[in-house]
Amino acid sequence: MNAIIDLGSNSVRLMLTGKSFAKMSKVTRIAEGLSTTGILCDAAMDRTLAVLEDYVIYAKQAGAHNIYIFATEAIRAAKNSHEFLKKVLQKIGIEIDVMSGNDEALCGFLGAVSGQSEKGQFLGVVDIGGASTEISIGKNNEITYSKSLSIGTVRLRDLFGLDRKALEKYIKETIQNYGQSKADKFVGIGGTFTSLSSMLLKLKQYDPKIVDNSIIKLKALNTLVNELWIKSDQEIYESYPTLGIERAKVIRYGAVLAQSIMKMLNIENITVSEKDNMEGYCIYKKIPY
């Protein structure tokens with residue numbers, strides 16, 4: 001058995017291979033403040049390191065022989081990321097694999113495609129993270145287009161707070177850098193899409209089997225976005241407790257970003273996949289899962 005840990009810009013997740021296991025996820029927001037300071041703050045590093053320690057202990061107790069940790073945009077971008085990487089190595093003895101934007105996009109694509117039945121079609125994968133968002137398009141496990149932009153839920157919260165008008169303007173201008181991306185079908189991966197799906201499905205308890213391959217319709221998402229922007233973080237959490245209070249703090253920004261990308265891509269529906277860059281990392285690194 002192996003353990004895969006995804007150190008994302010908003011959350012840290014754990015997956016054990018070789019057994020039926022629901023992914024564990026804890027929001028640590030390591031990218032908090034990064035967009036304005038350029039560095040990882042001490043509080044964000046401390047809470048992220050604590051979760052990594054807990055996951056490593058859990059994985060070892062569960063029987064994991066190998067533990068892999070990969071990191072994405074926040075660690076790529078922070079000026080002081082070397083400090084955090086050193087702390088992790090000293091505390092838990094594991095060297096973190098800091099992925100490039102291209103490799104992150106490839107892993108997301110490979111993971112998402114592995115959960116789809118369509119063969120021979122061009123599939124587009126949208127991965128909204130805390131500090132970056134990737135769009136990849138390909139067919140039969142080969143990518144023909146991929147682009148990562150430094151735009152994500154935590155960055156957007158830090159930059160715009162509750163200024164929705166400025167937020168939407170910034171998102172619209174930034175995502176134009178993806179160009180005209182076209183595919184036969186688009187799939188959304190990551191915590192933003194799975195959370196939005198669970199909200200639209202009105203789940204009282206998160207169920208990955210129900211969320212996997214569910215459909216987010218743009219019309220329904222438009223209604224949800226408007227609802228989120230008239231509520232406080234606490235009210236969002238109370239309305240959708242499956243989010244957790246920390247995810248509730250950034251979901252409004254992910255909702256607007258997802259909405260904007262769907263509009264830009266001119267698509268009315270996007271399929272949500274529970275398989276994502278964690279499965280993709282296993283495929284990319286040839287780790288049995």
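A residue is partly exposed when its relative accessible area lies between the buried range, under 20%, and the exposed range, over 50%. The model shown in these views is predicted.

**View 1. Asparagine 213, a residue with positive phi in a loop.** Asparagine 213 sits in the loop between helix 9 (208–211) and strand 10 (215–217). Its phi is about 65°, a positive value, although the residue is not a glycine. Most residues other than glycine have a negative phi. Because its relative accessibility is 36%, asparagine 213 counts as partly exposed.

**View 2. Lysine 286, in the segment after helix 14 (277–285)****.** Lysine 286 also has a positive phi, near 55°, and is not a glycine. Its relative accessibility is 72%, so lysine 286 counts as exposed.

**View 3. The largest nonpolar core, with 42 residues****.** Val126 and Leu196 have the most contacts inside this core. Among the elements that give two or more residues to the core are strand 6 (123–128), strand 7 (133–139), helix 8 (191–200) and helix 13 (251–265). Helix 13 supplies the largest share, ten residues. Apart from this core lies another, of 33 residues, including Val12, Ala44, Ala59 and Ile92.

**View 4. The surroundings of leucine 196.** With neighbours within four places in sequence left aside, leucine 196 is in contact with Ile216, Leu221, Leu224, Ile251, Gly254, Ala255 and Ala258.

**View 5. The salt bridge between arginine 47 and glutamate 32****.** The closest N and O atoms of the pair are 2.3 Å apart. Arginine 47 belongs to helix 2 (residues 42–62) and glutamate 32 to the loop between strand 3 (24–27) and helix 1 (34–37), so the pair ties together parts that are 15 residues apart in sequence. Arginine 47 is partly exposed, at 28% relative accessibility, and so is glutamate 32, at 24%.

**View 6. The salt bridge between arginine 252 and aspartate 233****.** The N to O distance here is 3.0 Å. Arginine 252 is in helix 13 and aspartate 233 in helix 11 (residues 233–239), so this pair ties together parts that are 19 residues apart in sequence. Arginine 252 is buried, with a relative accessible area of 2%.

**View 7. A network of salt bridges.** Asp6, Arg13, Lys23, Asp276 and Glu279 are linked in this network. The count for the structure comes to 17 salt bridges.

**View 8. Cysteine 107, a residue in no disulfide****.** The structure holds zero disulfides. The cysteine sulfur nearest to that of cysteine 107 belongs to cysteine 282 and is 9.1 Å away. Cysteine 107 counts as buried because its relative accessibility is 1%.

How values were computed:
Residues are numbered from 1 along each chain as its sequence is written. This is a predicted model: local features need pLDDT of at least 70, side-chain atom pairs count only at pLDDT 80 or more; totals for chains, interfaces and linings use all residues. Side-chain values use heavy atoms; hydrogens and water are left out. A nonpolar core is a set of buried Ala, Val, Leu, Ile, Met, Phe, Trp, Tyr and Cys residues joined through side-chain atoms within 4.5 Å. Buried means under 20% relative accessible area, exposed over 50%, partly exposed in between (1.4 Å probe, protein chains only). Helices (H or I, at least four residues) and strands (E, at least two) are DSSP runs, numbered from the N terminus. Contact means heavy atoms within 4.5 Å. A disulfide is a pair of cysteine sulfur atoms within 2.5 Å. A salt bridge is a side-chain nitrogen of Lys or Arg within 4 Å of a carboxyl oxygen of Asp or Glu.
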